[in-house]
Amino acid sequence: MKVKVNNSYSEWFETKTGVRQGDPLSALLFSVVLDSVITNLEIRGNITTRLKQICAYADDIVIIGRTTQILIDAFCKLRHEALNAGLSVNNNKTKYLYCTRKTIHPTYMDTGEEQFEQVNSFKYLGTVVNTDNSIEEEIKERIAAGNRAYHVHKKYLHQS
């Protein structure tokens with residue numbers, strides 16, 4: 001490896017370790033690589049014309065597809081691009097949520113290589129997303145979080 005400083009390169013040197021988790025540089029490098037992976041998926045169009053969408057923040061990624069096959073294809077392409085960049089998908093944390101008005105729907109998603117468990121709800125960036133698009137569970141979660149915060153700090157909230 002060489003390092004470029006002020007338009008001149010250093011001598012070649014060997015690296016034996018990479019950045020460590022928690023190092024500020026590792027978060028930056030991870031974000032740059034993941035951005036490249038998502039950009040390579042080439043999802044074009046706007047929200048009304050796309051058959052699939054990607055929502056990503058840090059290492060939390062949601063793939064939204066209008067059909068199961070589109071979702072499987074997008075996931076396989078994401079996994080392939082991630083592997084090309086030296087990243088991997090954690091299959092144990094990968095879940096599948098099926099939203100439809102139909103009462104009969106699959107209980108898992110099969111990509112041909114993996115099967116992902118179907119869930120009725122999950123938390124994405126602190127917000128509960130569920131199959132029936134109900135906000136009742138989210139409201140309960142927020143009230144509980146507010147109560148926890150109040151009870152932890154109530155010693156500071158007394159009147160003099």
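1. **Ground rules.** The model is predicted, so local features need pLDDT of at least 70 and side-chain atom pairs count only at pLDDT 80 or more, while totals for chains, interfaces and linings use all residues. Residues are numbered from 1 along each chain as its sequence is written, and side-chain values use heavy atoms, with hydrogens and water left out.

2. Strand S3 covers residues 52-57 and strand S4 covers residues 60-65. They pair antiparallel over six bridges. (Strands are DSSP runs of E, at least two residues; helices are runs of H or I, at least four residues; both are numbered from the N terminus. Two strands pair if DSSP finds at least two bridges between them.) Isoleucine 54 has isoleucine 63 in S4 as its bridge partner. Two residues sit between the strands.

3. Alanine 58 lies in the loop between S3 and S4. Its phi is positive, about 55 degrees, although the residue is not a glycine. Alanine 58 has a relative accessible area of 46%, so it counts as partly exposed. (Buried means under 20% relative accessible area, exposed over 50%, and partly exposed in between, with a 1.4 Å probe and protein chains only.)

4. Strand S7 (residues 121-124) runs antiparallel to strand S8 (residues 127-130). Four bridges join them. Lysine 123 has valine 128 in S8 as its bridge partner. This hairpin has two residues between its strands. Leucine 125 is in the turn and has a positive phi of about 50 degrees, although it is not a glycine. Leucine 125 is partly exposed, with a relative accessible area of 47%.

5. **Asparagine 130.** This residue is found in strand S8. Its relative accessibility is 10%, so asparagine 130 counts as buried. The side chain of asparagine 130 reaches the backbone oxygen of serine 134 at 2.8 Å. (A polar contact is a pair of N or O atoms within 3.5 Å; within protein, one must be able to donate a hydrogen and the other to accept it, and residues adjacent in sequence count only if both atoms are side-chain atoms.) Leaving aside residues up to four places away in sequence, asparagine 130 touches Leu97, Cys99, Asn120, Ser121 and Glu137. (Contact means heavy atoms within 4.5 Å.)

6. Side chains of opposite charge can pair when their charged atoms come close. The structure holds five salt bridges. (A salt bridge is a side-chain nitrogen of Lys or Arg within 4 Å of a carboxyl oxygen of Asp or Glu.) One of them joins glutamate 113 to arginine 79, with the closest N and O atoms 3.5 Å apart. Glutamate 113 is in the loop between strand S5 (108-110) and strand S6 (115-117) and arginine 79 is in helix H2 (residues 68-84), so the pair ties together parts that are 34 residues apart in sequence. Arginine 79 also forms a salt bridge with glutamate 114, where the closest N and O atoms are 2.5 Å apart. That pair links helix H2 to the loop between S5 and S6, 35 residues apart.

7. Glutamate 114 counts as buried at 15%. Glutamate 113 counts as exposed at 64%.

8. **Glutamate 117 and lysine 95.** These side chains meet in a salt bridge, at 3.0 Å from N to O. Glutamate 117 is in strand S6 and lysine 95 in the loop between H2 and S5, 22 residues apart, so that the pair links distant parts of the chain. Glutamate 117 is partly exposed at 45% relative accessible area. Lysine 95 is partly exposed at 41%. Elsewhere, salt bridges that share partners join Arg79, Glu113 and Glu114 into one network.

9. **Nonpolar surface patch.** Met1, Val3, Val5, Trp12 and Phe13 make a nonpolar surface patch of about 520 Å². (Patches are made of residues with over 30% relative accessible area and no salt bridge; like charges are joined within 9 Å, nonpolar side chains (Val, Leu, Ile, Met, Phe, Trp, Tyr) within 5 Å. Accessible areas come from the Shrake-Rupley method with a 1.4 Å probe; for residues, only the protein chains shown count as cover.) Tryptophan 12 lies in the loop between strand S2 (8-9) and helix H1 (24-39). Tryptophan 12 counts as exposed, at 64% relative accessibility.

10. **Arginine 50.** This residue lies in the loop between H1 and S3. Arginine 50 is partly exposed, with a relative accessible area of 22%. Its C-alpha atom is separated by 26 Å from that of isoleucine 135, 85 residues apart along the chain.
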